Amino acid sequence: MGKTMHLGMILLGTGSHVAGWRMPDAQFGSQNLPLLRQVVQKAEAGKLDFVFFADAVNTGLDAHPGMMLRFEPLTLLAALAMSTSRIGLVATVSTTYSEPYNIARAFASIDHLSQGRAGWNVVTGSSPDAAANFSRDKHPPHEERYAIAEEYVAIAKGLWDSWQEGALVGDKERGIFVDPTKMHVLDHQGAHFSVKGPLNITRPPQGYPVIFQAGASDRGLDFAAATAEVVFAAQQVQEEALAFADRLRDKAEAAGRAREAVKVVCGVSPVIGRTEEEAKEIVAELASMMDTKAAMRVLSDRLGHDMNQFPLDEPVPDLPPSGMMQGHAIQLSSIARRKKMTLRQLRDYAAVSSGHRLLVGTAEQVADDFEDWFRSGAADGFAIMSTHLPGPAERFVDEVVPLLVERGLFRSEYAGSTLRDHLGLPRPAHPAAVAGMATGVEG
């Protein structure tokens, strides 16, 4: 089999559509562990690479229902690790509103608990509302947030390297618990953090959990190119996706990495029917139940401006980037221009897919679209969003995945056991081992 695509699921307990929880066949609740476990196990049965849980550290009455009330994601990953065995488990953690030591420790623990299936979606924090929850007067500016993130990720990797492989000896006869020569103290003193170390857990099974990122601003792309192994993209148009992927890979090469070191995974919300007309009827049914205030909040968050101030039935205004979700803002503005959308139409479009690409049709049409994008090089894979749960997610696994397998575009069985195995990513060697090989001395 040649190169195959990567598939994951972006899971919100109420579904990606703001009205998804109201569908007659919907179960819902971002605090509904049995439901989330059911969907994750179904994704694993379909041999998907990963499931992903977005997060933010603020909420409000006008928030998307799936983000209004939810589990803390690292706690959720640990729980799901106990009821799965192969699928990758990925979650968002903000580098602006957390501390490197705690997060490095938590992800190392999850990687051990899951036997090498953890992934970290590194975000700098897109919502200014979060600052008030962390004893801060204001949200740090865009450039500062990325400077913090760069230092933060470097610290996390340094902490994951606190212990070399084989450090835990456990020799009862000699009374040696650990090999002291294999412990490394980080002793980091930087512009934003002071972290001594070492970490009080051995090196993660994957070396480092897989690093995901979704920044699409110039600064975000520089960070992703230098740091990320998987980049979530919100591209709506194939030629723009191709340009984005090429630009990211050029930047990765300029940062001293191989072009193929970064996987581009595009977010897609497929609404699947037995016919295209039936799929359109599902979209119409969802629209009829939509909370327009929540829908406008979703759009405003993604565009980085309060869109309530503009007329609904006039063209979407051309607004400057805000420094918030620039990737979504760029792509939604592009699709609005291309399709000459009114603000009302863009609001309703974003409500279905939280700002990602919307596909409406049969399973065959969805498979055709994925094949076209994948073969063109516009995407290495896709992150699937379901309007509600569990039906649409299960339908994707039952109807679309077999078509992709049949076409030789996706695996029929897992070839490995870790998330790095699924994604075809190497396991980072410990720096001491690398140094040892360079000098001819075993690390």
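**Labels and their grounds**

Q: Why does Glu399 count as partly exposed?

A: In this predicted model, Glu399 has a relative accessibility of 30%. Buried would require under 20% and exposed over 50%, so Glu399 is classed as partly exposed.

Q: What makes the contact of Glu399 with Arg395 a salt bridge?

A: The closest N and O atoms of Glu399 and Arg395 are 3.0 Å apart. The criterion asks for a side-chain nitrogen of Lys or Arg within 4 Å of a carboxyl oxygen of Asp or Glu, so the pair qualifies as a salt bridge.

Q: Where do Glu399 and Arg395 lie relative to one another in helix 13?

A: The two residues are four apart in helix 13 (residues 391–406), and about one helical turn therefore separates them. Residues three or four places apart in an α-helix point the same way, because the helix has 3.6 residues a turn. Arg395 is partly exposed, with a relative accessible area of 21%.

Q: Why is Asp313 called exposed, and which class does Arg344 fall into?

A: Asp313 has a relative accessible area of 53%, and the exposed class begins over 50%, so Asp313 belongs to that class. Arg344, at 32% relative accessibility, counts as partly exposed.

Q: What makes Glu253 and Arg259 a salt bridge?

A: Their side chains meet at 3.2 Å, N to O, and the criterion is within 4 Å, so the label applies. Glu253 is partly exposed at 45% relative accessibility, and Arg259 is partly exposed with a relative accessible area of 26%.

Q: How do you know that the buried residues of helix 3 line one face?

A: In helix 3 (residues 73–81), the residues Pro73, Leu74, Leu76, Leu77, Leu80 and Ala81 are buried. Seen down the helix axis, the buried residues fall within an arc of 155 degrees, so they line one face of the helix. Their cover includes helix 1 (33–45), strand 2 (50–53), strand 3 (88–94) and helix 4 (100–113).

Q: What makes strand 1 largely enclosed by the rest of the structure?

A: Five of the five residues of strand 1 (residues 6–10) are buried, so the strand is largely enclosed. His6, Gly8 and Ile10 point one way, Leu7 and Met9 the other way, and all are buried.

Q: How do you know that strand 1 pairs with strand 13 and strand 2?

A: Pairing requires at least two bridges. Five bridges join strand 1 to strand 13 (residues 381–385), and three join strand 1 to strand 2, so both pairings qualify. Strand 1 runs parallel to strand 13 and parallel to strand 2. Gly381 is the partner of His6 in strand 13, and Phe50 is the partner of Gly8 in strand 2. The chain passes from strand 1 through helix 1 to strand 2 in a right-handed β-α-β crossover.

Notes. Residues numbered from 1 in each chain as written. Predicted model: local features only at pLDDT ≥ 70, side-chain atom pairs only at ≥ 80, totals over all residues. Heavy atoms only, no water. Buried < 20%, exposed > 50% of the residue type's maximum accessible area, 1.4 Å probe, protein only. Arc of directions from axis to C-beta. Contact = heavy atoms within 4.5 Å. Right-handed = clockwise from strand over helix to strand, strands pointing away.
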